[in-house]
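This report describes the strands, helices and pockets of a single protein chain. Please consult the sequence and the structure shown below while reading.

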Amino acid sequence: KAVVKKAQLKSRYNLRFERKFIYLGVSPLEVINQIVLTSKFCFREIYARRSVNNIYFDDLNHTFYKMNVSGDGLREKYRLRWYSDRFEIIENPTIEVKRKFGLTGDKFSHKLPQLQLNLIETSPKVVPQEILKHIDDVEIKSKFERLQPSLLNSYERRYFLSDCGNYRITIDYNMAFYNPKAPNYMHSRKMLPDVVLELKYPLESDRESRELTQDFKVRLSKNSKYVRGCDLVYNQKS
């Protein structure tokens, strides 16, 4: 594969770092009160708690899953995301394409305000066809012609921003995963008890981030909700 220089990537994409830290055996409030709100970077909550819902897509060969597991330097991920406490009701969703370039990445979003679905009445398998009816981006449209739902998931999220504005933290918890290929996807639910802290910041803030992460008390983790969810619902891993 061709080696792409960071300077070239920065000119083409809005690159940022995304660092993930997993906490076991603690509540999200403990992580927030003991780690986030005590930081010398003075984080404050910037949004109300939201339930985040996703449908991840892959091809028949599970290419995106395999690229993530193998740690390919250049990889991507496609998902449909919406915010609602009712997971089965898809309203005002957004297609998100996440690209990774080594340790950095970017995200492209395409809103689909006209797309509305009820996953109780409609099988997740038909979602790609419904997306194709409402999307006008040629590149994404051609991609979705070859993709199918590979994982459903939901979790609760809280958002924090540092006083300097360079660092954003999200706290994810109550993570549920579903197999879209199951006869009744709701019966396939698997839960993860972890609390995931994700730190996001621009490339130029990387050096100072080391001072920030020293207080996180756990090591940096290679955590992909997509990979962990697929392992849970297909392979029964814990």
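Which element gives the most to the lining of the largest pocket? The contributor in question is strand S4, with five residues. The model discussed here is a predicted one.

## The largest pocket

The largest pocket holds about 580 Å³ of space. Its lining comprises 31 residues, and those closest to the centre are Arg81, Tyr83, Glu96, Lys107 and Arg168. Two or more lining residues come from each of strand S1 (16-23), S3, S4, S6, S7, S9, strand S12 (195-202) and helix H7 (225-235).

By class, this lining is made up of 18 charged, nine nonpolar and four polar residues.

## The second largest pocket

For the second largest pocket the computed volume is about 470 Å³. Of its 21 lining residues, Glu18, Arg75, Lys100, Lys222 and Asn223 are the closest to the centre. At least two lining residues are supplied by each of S1, helix H3 (63-70), S4, S6 and strand S13 (220-221).

The lining of this second pocket divides into ten charged, seven polar and four nonpolar residues.

## Strand S6 and its partners

Strand S6 is largely enclosed by the rest of the structure, because seven of its eight residues are buried. Eight bridges connect S4 with S6 in an antiparallel arrangement, and Arg81 is found opposite Thr94 of S6. Strand S6 is also joined to strand S7 (residues 104-111) by eight bridges, again with the two strands antiparallel. Across that pairing, Thr94 has Lys111 of S7 as its bridge partner.

The hairpin of S6 and S7 has two residues between the strands, and Gly102 there adopts a positive phi near 70°.

## Strand S1 and its partners

Strand S1 is likewise mostly covered, with seven of its eight residues buried. Its pairing with S12 is antiparallel and consists of eight bridges; within it, Phe21 is partnered by Leu197 of S12. Two bridges link S1 to S13, and these strands also run antiparallel. Here Phe21 faces Leu220 of S13.

A further antiparallel pairing, over two bridges, joins S1 to S7. In that pairing, Phe17 has Thr104 of S7 as its bridge partner.

Which residues of H3 are buried? They are Phe64, Tyr65, Met67 and Asn68. These residues span an arc of only 165° around the axis, and so lie on the same side of H3. Their cover includes S3, S4, H5 and H7. After the helix comes Gly71, with a positive phi near 70°.

In helix H4 (residues 127-134), the buried residues are Val127, Pro128, Glu130 and Ile131. Viewed down the axis of H4, they fall within an arc of 160° and therefore line one face of the helix. Among the elements covering them are strand S3 (50-58), strand S4 (74-83), strand S6 (94-101), strand S8 (116-118), helix H5 (138-144) and strand S9 (148-161).

## Individual residues

Leaving aside residues up to four places away in sequence, Thr170 touches Arg157, Arg158, Tyr159, Val196, Leu197, Glu198 and Lys200. One of these contacts, Leu197, is also the S12 bridge partner of Phe21.

Asn235 belongs to helix H7. Its relative accessible area of 45% makes Asn235 partly exposed. With residues up to four places away in sequence left out, Asn235 touches Tyr65 and Cys230. Tyr65 is one of the buried residues of H3.

Pro193 is located in the loop between strand S11 (190-192) and S12. Pro193 counts as exposed because its relative accessibility is 68%, where the cut-off for exposed is over 50%. The C-alpha atom of Pro193 is separated by 19 Å from that of Val36, and the two residues are 157 residues apart along the chain.

Definitions and conventions. Residues are numbered from 1 along each chain as its sequence is written. This is a predicted model: local features need pLDDT of at least 70, side-chain atom pairs count only at pLDDT 80 or more; totals for chains, interfaces and linings use all residues. Side-chain values use heavy atoms; hydrogens and water are left out. Buried means under 20% relative accessible area, exposed over 50%, partly exposed in between (1.4 Å probe, protein chains only). Helices (H or I, at least four residues) and strands (E, at least two) are DSSP runs, numbered from the N terminus. The arc is that of the directions from the helix axis to the C-beta atoms. Contact means heavy atoms within 4.5 Å. Two strands pair if DSSP finds at least two bridges between them. On a 1 Å grid over the protein atoms alone, a cavity is a set of points where a 1.4 Å probe fits but cannot get out, and a pocket is an open set with protein on both sides within 12 Å along at least five of seven lines; lining residues have an atom within 4 Å of a point. Grid points are joined across faces, edges and corners, and a volume is the space filled by probe spheres set on the points. Ala, Val, Leu, Ile, Met, Phe, Trp, Tyr, Cys and Pro count as nonpolar, Asp, Glu, Lys and Arg as charged, and the others, Gly among them, as polar.
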